[in-house]
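Student: Could we go through this model together, one topic at a time? I would like to start with how its pieces pack.

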Amino acid sequence: MMDEAIESYNFLANQRKHPLSRRLRINMGNLYYAKLDYSSAIRQYKIALDQTEKDERSVAHKIRRNIGNAYFKSGYIRDAVKSYEDAMSCAPDFQTGFNLLVCHLALGDLDSTKADFVRIVETPFKSELFDQDSNIFLSDTLCGTQSEMDGVKKCNNLDSYTKDADYFLLNAARLVAPSIDVNDWSAGYDWVRSVLQDRHESLAVQIELEQSTRWLKRKDFKTASKMLRALEKKLGETKAIACTNLSFISFLDGDVDAAAEYAEAALDIDQYNASALVNRGNCHFINKEYESAKECYLEAMGVQGDCAQAIFNLGLTNGMLKLPEEAVRSFEKIHRITPNNPSALYQIADIHDVSDNDEDAIKWFSVLTARVPTDATILARLGYLFSQNDSESQGLHYRMESFRHWPVDLGVIVSIGTWFVTKKMFEKSIFFFQQAALIDPTEIKWGLMVANAQRRIGEHQLGFKVYENLLEKFPESIECKLLRMKISFQFSISNLDLLTNDMLILQACRAYLRAPSI
C-alpha cells in the first residue's frame, strides 16, 4: 500500500509545475519515514525545502524538524543537530528545542544541553506555527512514545499548545537535572528549578517534588522531609502530594500519629487520593485496628483498581483477621498484576502451608523458587513439605540446595545429618554434624553425634579421640565420660587406670554396667 502511494505521489510530483509539488514531496518523505527508509525521506524533505519560499517560515521550520528527526533515527546525530538548529533559528518551538536538547545530551555536550534548556524555557507561547498544512508534517519527539504524543499531533489551539509545552519542558527538566553534575545530582535539580522559577513556577514546584522523591529513594529522609515541609505550605495538589509523602516518611520513622495526621491532611484536599488512603490504612494496621485498615484499603482499591499497595496490604489484613481465603484472593490478584512479585508468591504459599494445604503450598513454593532460586529459607521449607508428603528424595534435594546457598542454618544442617543417620549412611552424616558443631560450639550433642557416627562405621579410635576432645571442652559431661568409658572397655583403646582418678567416673561406670547397652 505504501509503495503504491509513493509511486502515485512520485508520478504527480514529477509533473512540471504541479501546484502541490511541495506537499507531495512531504507526503513521500513521511511515507519513507514510516518505512524506516530515512535516507529517502531526507531526500524528499530537502526537495520540499528547496521549493519553500523564504517568507514561509512556519513550513520551512517543520520541514527542517522532519529532516532532523530522520537524521537522528539514522544515527547521524550531528546532522540532526544542524537541522534542529536551523529550525530553531527559523521559528523556535518547544518540540524542536526538546529534540535538539536530546541530541546534545546524547553527544555528551552538557554546556549545549544547558543552553538548549534555557532556550526552551524562554521560548514564547504562540500559535503562529499552526496553519492549514499542520496535518502533513511529522511531530516525532525523540524521547516520547506514540501514545504520549497523540495530543501533540492533534494540537490546533493555544491551550493545547501550552499543555504540550509543559510536557516538553517537564521532560527536558527530568533529562537535564540528573546529568549536569555527576558528583552532585541534587545540584542539577537546583539549577533546573532556578531556571524554571520565573516563567514556569508550577513546573519548578513539580521538579522540587521529584527531587524530594529522589531523596526518599536514596533513604535520606531528613533532607526529603525538609523539602516536603516547605512544599506543604503550597496549596492544592502540591500540598496533597507533600502531605502524602510526609505521612509515608513519618510512618517509616515510627511516628504513627504524625503519619495519620498527614494522611488526613492529604485526604482533606483530595478524598480520592489512593496513596493517602493506603497510608491511613497502614496506621490502623500498626495500631491493630484491622477492620478499619481493611476499609481504607478497600476504599483505595475503589479509587484505583490496580493499587498494588492497597491490594497487598489488604491480603495481610485479611490474614490477621483469620480470613485465609480472602487473603489468598488478594495476593493472587497481586500475582496477576505483577507476575514476578516474590512477596505475593510467598504470602500465597505461606497461607497454604499454615493451613496444612500441603499440595498447594508445594505448588506455590515451587513457583517462588523459580523466581528466587537462591533463597535458602524457601528451599528449606519446600524440602520439609516434600519430606512430610513421602517424597524424601525431593525433600533432601531442596534441603541440600538450601544448605548450599546458606551453609549456617543449623536446623537444615541437623535435619540433613539426621536423615543420613536414619538411612544408615553414617559416614555422610559426619560432615553435617561437624558443621553443626562449628556453628554451635557450646552444644556438646553435635560432637557426640559425630563420635557415634564414627563408632557406627568402625572408626573407634577416631570416636575415642572425639570423646577426648569433647571432655577437654566439657569436663563435667557425665554422658561423654560414660561413652568414652564404654568404647575404652570394648576395644581396649585406653587403660582403665587412666579413668579411675575421679570418683564420679567410677560411679558413672558402675551405673553404666547396670544399665542396658548404649
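Student: Which residues in α12 meet which residues in α13?

Tutor: From α12, the residues F221, A224, S225, L228, R229 and L231 meet T238, K239, A242, N245, L246, I249 and L252 in α13, where contact means heavy atoms within 4.5 Å. Before going on, note that this is a predicted model, in which local features need pLDDT of at least 70 and side-chain atom pairs count only at pLDDT 80 or more, while totals for chains, interfaces and linings use all residues. Residues are numbered from 1 along each chain as its sequence is written, and side-chain values use heavy atoms, with hydrogens and water left out.

Student: At what angle do α12 and α13 pack?

Tutor: Helix α12 (residues 221–231) and helix α13 (residues 237–252) pack at about 150°, with their axes 9 Å apart. That makes α12 roughly antiparallel to α13. On the terms, axes are lines fitted to C-alpha atoms, for helices over the stretch in contact, and angles run from 0 to 180 degrees between N-to-C directions; under 35 degrees counts as roughly parallel, over 145 as roughly antiparallel, 65 to 115 as roughly perpendicular and the rest as oblique. The crossing of α12 and α13 is left-handed, a term used if the near helix is turned anticlockwise from the far one by less than a right angle, with clockwise giving right-handed.

Student: And what about α2 and α3, how do they pack?

Tutor: Helix α2 (residues 21–34) and helix α3 (residues 38–50) pack at an angle of about 165°, with their axes 8 Å apart. That makes α2 roughly antiparallel to α3. The crossing of α2 and α3 is left-handed, and the residues making the contact include R22, I26 and Y33 of α2 together with Y38, Q44 and I47 of α3.

Student: What sits in the loop between α2 and α3?

Tutor: L36 lies in that loop, and L36 has a positive phi of about 70° although it is not a glycine. At 58% relative accessibility, L36 counts as exposed; the cut-offs are under 20% relative accessible area for buried, over 50% for exposed and partly exposed in between, using a 1.4 Å probe and protein chains only. D390 is likewise not a glycine and has a positive phi, of about 60°. D390 lies in the loop between α21 (376–388) and α22 (392–405), and is exposed with a relative accessible area of 76%.

Student: Zooming out, how many helices and strands does the chain have?

Tutor: The chain has 28 helices and zero strands, both taken as DSSP runs numbered from the N terminus, with helices being H or I of at least four residues and strands E of at least two. Buried residues make up 46% of the 518 residues in the chain. Among contacts between residues at least 6 apart in sequence, 49% join residues at least 24 apart.

Student: Which residues touch the most other members of the largest nonpolar core?

Tutor: Those are F117, I120, V192, L196, I207, L228 and F365, in a core of 72 residues. Helix α9 (residues 158–176) gives the largest share of this core, eight residues. A second, separate core of 27 residues includes I26, Y33, A60 and L100. A nonpolar core here is a set of buried Ala, Val, Leu, Ile, Met, Phe, Trp, Tyr and Cys residues joined through side-chain atoms within 4.5 Å.

Student: What does I120 touch?

Tutor: Not counting residues up to four places away in sequence, I120 touches F94, G97, F98, L101, L169 and A172.

Student: Is T113 buried or exposed?

Tutor: T113, which is found in helix α7 (residues 110–121), counts as buried at 2% relative accessibility. Leaving aside its neighbours within four places in sequence, T113 is in contact with L101, H104, L105 and V176.
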